[in-house]
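Hello,

Here is the structure I promised to hand over. Please have a look at it, then read my notes below.

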Amino acid sequence: MSNRTVPLELVPQGLVVDHHEIGTARIVIHAHGASATSVCPTCGLASSSLHSHYERSLGDFPAHGRRLGIRLAARRFRCRNAACDRQVFTERFAPDLIQAHARRTSRLEVVLHAIGLALGGRPGERLAARLSMPVCADTLLRLLRRLAPSTPSDVRVVGIDDFACLLYTSPSPRDRQKS
C-alpha cells in the first residue's frame, strides 16, 4: 500500500476514490459512485434508500506500464414505488463509464474494440498483452460481434473473389460420387 495520491486522470469521472494500492505490476483503485441516489431501471423513480452493497472488479486503461484495476463498491437500493415490481436494484453508472454487468470500463472496451478491428483475435491478444491490457482472443472476437452495427448499411458494390467463386460452384466430392 502506498501513501501517494492517485492522479485524477486515472479515475473515471463519476467515481470517488476511497483508497489505492500501488504495486510493481498493478495499480488497484478502490472507489464508489459519486451520487447519493440512483434511479430504478424499471419505474424510473430515484431512491436514496440503501439496501446493501457489493464489490465489482473492473479493468481499466494501464498506467505507467502497470495494469489498472478498479474495485468498485456498487450499492443496491430499495425501490420505494409500491407499484413497481422491482424491490431492490443496483445503482447504474453512466453508460460512457461502465455498462451494466461489465468487467471493463467503457473506455477500455473502445480501445480493445479498435485493436480487435485492426488485428483480429490472436494478434490482437498479443498486442493487448504488450500494452498491459490482457484479454483473450475469444473475448476480442466476442466484443467485435457485440459492438457490430445492428442494421446493415446500403451496399453499393459487391466484390466476389474468383477463387472462392470456383470453390462454391464446383461440385463437392460427395456430389460427384452420387452422380
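The lining of the second largest pocket holds five nonpolar, three polar and three charged residues. Here Ala, Val, Leu, Ile, Met, Phe, Trp, Tyr, Cys and Pro count as nonpolar, Asp, Glu, Lys and Arg as charged, and the others, Gly among them, as polar. The lining residues are Y54, R56, T90, E91, R92, F93, P95, I98, Q99, A100 and H101. This pocket has about 200 Å³ of space.

A word on terms. The search ran on a 1 Å grid over the protein atoms alone; a pocket is an open set of points where a 1.4 Å probe fits, with protein on both sides within 12 Å along at least five of seven lines, and a lining residue has an atom within 4 Å of a point. Points are joined across faces, edges and corners, and the volume is the space filled by probe spheres set on them.

The largest pocket has a volume of about 410 Å³. It is lined by 20 residues, and G59, R67, R103, R104 and P134 are the closest to its centre. β5 (50-63), β6 (66-78) and α1 (106-119) each give two or more residues to that lining. β6 gives the most, with five. By type, the lining of the largest pocket has nine nonpolar, five polar and six charged residues.

**What kind of model this is**

The model is predicted: local features need pLDDT of at least 70, side-chain atom pairs count only at pLDDT 80 or more, and totals for chains, interfaces and linings use all residues. Residues are numbered from 1 along each chain as its sequence is written, and side-chain values use heavy atoms, with hydrogens and water left out.

pLDDT is the predictor's confidence in each residue, from 0 to 100. The chain averages 82, and 78% of the residues score at least 70. Confidence is highest in α2, at a mean of 94, and lowest in helix α4 (residues 162-169), at 49.

**Layout of the chain**

The chain has five helices and seven strands. Both are DSSP runs, numbered from the N terminus: helices are H or I with at least four residues, strands are E with at least two. Along the sequence the pattern is β-β-β-β-β-β-β-α-α-α-α-α.

Of the 179 residues, 33% are buried. Buried means under 20% relative accessible area, exposed over 50%, and partly exposed in between (1.4 Å probe, protein chains only). Take the contacts between residues at least 6 apart in sequence: 52% of them join residues at least 24 apart. A contact means heavy atoms within 4.5 Å.

**Cores**

The largest nonpolar core has 15 residues; L15, I27, I29, L72, F93 and I98 touch the most other members. β1 (15-22), β2 (26-33), β5 and β6 each give two or more residues to this core. A second, separate core has eight residues, including A128, M133, V135 and L140. A nonpolar core is a set of buried Ala, Val, Leu, Ile, Met, Phe, Trp, Tyr and Cys residues joined through side-chain atoms within 4.5 Å.

**Residues to look at**

R67 sits in strand β6. Its relative accessible area is 39%, so R67 counts as partly exposed. Beyond four places in sequence, R67 touches A25, R26, I27, S132 and P134. R67 and A25 are 42 residues apart in sequence, yet 6.5 Å apart in space, C-alpha to C-alpha.

E55 is in strand β5. Leaving aside neighbours within four places in sequence, E55 contacts H30, R71 and L72.

H101 is not a glycine, but its phi is positive, about 70°. H101 lies in the loop between β7 (88-90) and α1. H101 is exposed, because its relative accessibility is 75%. S132 also has a positive phi, near 65°. S132 is in the loop between α2 (122-130) and α3 (137-146). With a relative accessible area of 17%, S132 is buried.

T139 lies in helix α3. T139 counts as buried, at 15% relative accessibility. T139 and G121 are 18 residues apart in sequence and 8.2 Å apart in space, C-alpha to C-alpha.

Best wishes
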